[in-house]
Every structure is written in C-alpha cells, then in structure tokens.
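Here are a few exercises to work through with the model open in your viewer. Try each one yourself before you read the solution.

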Amino acid sequence: MEYKTLREEAFEANMEIARQKLAKYTWGNASAFDPDKGVFAIKPSGVPYEELKPESMVVIDLTGHTVDSTLRPSSDTETHRILYLGFPSIRGICHTHSTYAVAWAQSRLSVPVLGTTHADHNTHEIPCTGFMSADAVKHDYELETGNLIIRTFQSRKEDPDITTMVLVAGHGPFTWGESAVHAVYHSAILEEICKMAYLTLTINPRTQPLPEYIIHKHWERKHGAKAYYGQK
Ligand SMILES: [Zn+2]
C-alpha cells in the first residue's frame with residue numbers, strides 16, 4: 001500500500017472522531033498531511049466509520065488531484081486543501097458537526113474565555129466566521145469555506161499555531177494541529193469548551209470573561225517558557 005503511514009494516521013484520526021462520539025453517521029472527517037510529499041490522506045465520502053480501513057483513505061495532492069484511490073474523497077476535501085495551503089505549519093485537520101460547537105456556530109457567536117478549561121488551550125475567544133456570500137457559495141462552496149476561515153484569521157490577526165479551532169457561521173467547527181489525531185483532540189476540547197460556555201451562560205447570562213491575569217496564568221503554566229503542567 002502506497003502512502004501507508006499517512007493513510008494509517010488519517011484512519012486512526014477518523015476512528016477517534018467516532019470513539020469520541022463527535023459525529024453521527026458519516027458527519028465528520030479528518031485528514032493527515034505529509035508536507036515532504038505534498039499530499040494529504042482523507043476519509044472517503046459517505047463511508048460509515050465501522051467500514052473504514054487504512055487502505056480506504058483517499059490521497060490527494062495540493063492541486064486537488066486524487067493521487068491514489070478508487071474511492072471519492074470527503075465532500076469537504078477542498079476545505080482541507082485550502083487550509084493546508086493557507087496554514088502551512090499544520091499537519092492534520094478535523095471537521096465534525098458536534099452538537100455544542102454547531103450550536104455556537106449557528107448562533108454566529110465567538111466563544112468567550114469564561115473559565116480555565118478554555119484558557120488552558122487558548123488565551124482568547126474561539127472565532128466564529130461571518131456568512132459566506134451567495135457568489136462564494138455558487139463558485140465553489142467547500143473551497144470558499146477554506147478561504148473564509150483564512151480571511152477570518154487574517155482580519156482578526158489570529159495565529160493558527162495558537163488558535164487551532166474555528167466555528168464556521170451556520171455550519172460547524174474545523175480544528176487542526178501538529179498531527180491528524182491532534183486535530184481530533186482539538187475538536188473534542190472545543191466541544192467541551194462550547195458545552196461549558198453554553199451551560200455557564202444559561203446559569204448566568206451576564207457572566208463576564210475570565211480576568212486576563214487568570215487566563216495568562218493557565219496558558220503559561222501549560223504552554224509558557226516555564227511550563228510546569230504534566231511530567232518532565
Ligand atoms: Zn460540515
């Protein structure tokens with residue numbers, strides 16, 4: 001099997017979507033990117049998780065051509081491709097329709113930092129994009145979804161190496177990371193953050209964001225120069 005390691009990585013990540021219960025039916029996809037070969041492996045379109053195998057992963061190059069597969073790739077493949085081109089440091093992408101993240105995306109609200117669970121992973125709000133224009137949808141919906149995410153990050157001066165998640169308005173979450181499995185991990189974290197934020201604002205709709213000094217303490221102890229979270 002060609003691209004064996006890359007396919008296995010993408011397969012593992014897609015199975016982790018199912019294990020973490022982040023998608024019903026086939027509503028999620030993950031991909032793994034190999035920058036040296038300039039290709040990524042992604043879930044085939046419409047194949048249930050229980051039928052997936054490493055060899056069913058579809059290998060695509062950065063021009064969008066299928067290099068190795070008889071199966072059709074995920075319908076979201078163009079979004080993955082544009083993100084790999086726009087955010088060159090990322091090595092894996094995950095997209096799901098997990099309930100709480102979708103609820104925030106449908107509400108078209110960025111998720112404020114309300115507590116330390118969020119601050120452990122990100123020091124600022126999780127961005128939500130605007131709606132795509134009618135022309136963009138007509139042109140190439142999935143490709144333009146990728147462009148919308150990149151434009152949102154550029155206009156908000158977000159660093160995709162730090163903010164590894166986004167909500168696409170009216171649609172749902174896309175996350176990424178240093179590997180495909182890491183991208184799925186970020187989808188699971190995002191779902192929990194969205195759930196906690198929803199519950200918090202339900203209990204007290206006037207809840208204010210966490211003070212900056214607590215946000216930074218949590219971020220620094222996990223990711224800063226003098227991080228002391230976990231084992232050496
Ligand atoms: Zn979707």
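**Exercise 1.** Keep in mind that this is a predicted model. Work out at what angle helix H2 and helix H5 pack, and which residues meet there.

*Solution.* Two packed helices are described by the angle between their axes and the distance between the axes. Let's get both numbers.
- Step 1: H2 covers residues 77-86 and H5 covers residues 134-155; they pack at about 35 degrees, and their axes are 7 Å apart.
- Step 2: For the handedness, the crossing of H2 and H5 comes out right-handed.
- Step 3: On the H2 side, the contact residues are Glu78, Thr79, Arg81, Ile82, Leu83 and Gly86. Their counterparts in H5 include Leu143, Gly146, Ile149 and Ile150.
- Step 4: Sorted by class, the contact of H2 with H5 holds five nonpolar, five polar and four charged residues.

**Exercise 2.** Find the protein donors of the zinc ion and say how they are spaced along the chain.

*Solution.* 
- Step 1: Pick out the donor atoms: NE2 of His95, NE2 of His97 and NE2 of His171, lying 2.1 Å from the zinc ion.
- Step 2: Along the chain, the donors of the zinc ion give the spacing H-x1-H-x73-H.
- Step 3: His171 has 12% relative accessibility, so with a cut-off of under 20% it counts as buried. His97 has 33%, so it is partly exposed.

**Exercise 3.** Take strand S6 and work out which residues cover each face, and how S6 pairs with S7.

*Solution.* 
- Step 1: In a regular strand the side chains alternate between the two faces of the sheet.
- Step 2: In S6 (residues 165-168), Met165 and Leu167 are on one side, Val166 and Val168 on the other, and all are buried.
- Step 3: S6 pairs with S7 (residues 172-177) in the antiparallel sense, over four bridges. Val168 sits opposite Gly172 in S7.
- Step 4: Three residues lie between the strands of this hairpin, and Gly170 takes a positive phi near 75 degrees.

**Exercise 4.** Which strands pair with S2, and in what sense?

*Solution.* 
- Step 1: S1 (residues 28-34) pairs with S2 in the antiparallel sense over four bridges, with Asp34 and Val39 as bridge partners.
- Step 2: S2 also pairs with S3 (residues 58-61) in the antiparallel sense, again over four bridges. Here Phe40 has Ile60 as its bridge partner.
- Step 3: In the turn of the S1 and S2 hairpin, Gly38 has a positive phi of about 70 degrees.

Conventions:
Residues are numbered from 1 along each chain as its sequence is written. This is a predicted model: local features need pLDDT of at least 70, side-chain atom pairs count only at pLDDT 80 or more; totals for chains, interfaces and linings use all residues. Side-chain values use heavy atoms; hydrogens and water are left out. Buried means under 20% relative accessible area, exposed over 50%, partly exposed in between (1.4 Å probe, protein chains only). Helices (H or I, at least four residues) and strands (E, at least two) are DSSP runs, numbered from the N terminus. Two strands pair if DSSP finds at least two bridges between them. Axes are lines fitted to C-alpha atoms, for helices over the stretch in contact, and angles run from 0 to 180 degrees between N-to-C directions. A crossing is left-handed if the near helix is turned anticlockwise from the far one by less than a right angle, and right-handed if clockwise. Contact means heavy atoms within 4.5 Å. Ala, Val, Leu, Ile, Met, Phe, Trp, Tyr, Cys and Pro count as nonpolar, Asp, Glu, Lys and Arg as charged, and the others, Gly among them, as polar. Donors are N, O and S atoms within 2.8 Å of the metal (3.2 Å for Na, K and Ca); water is not among the atoms, so sites may look incomplete.
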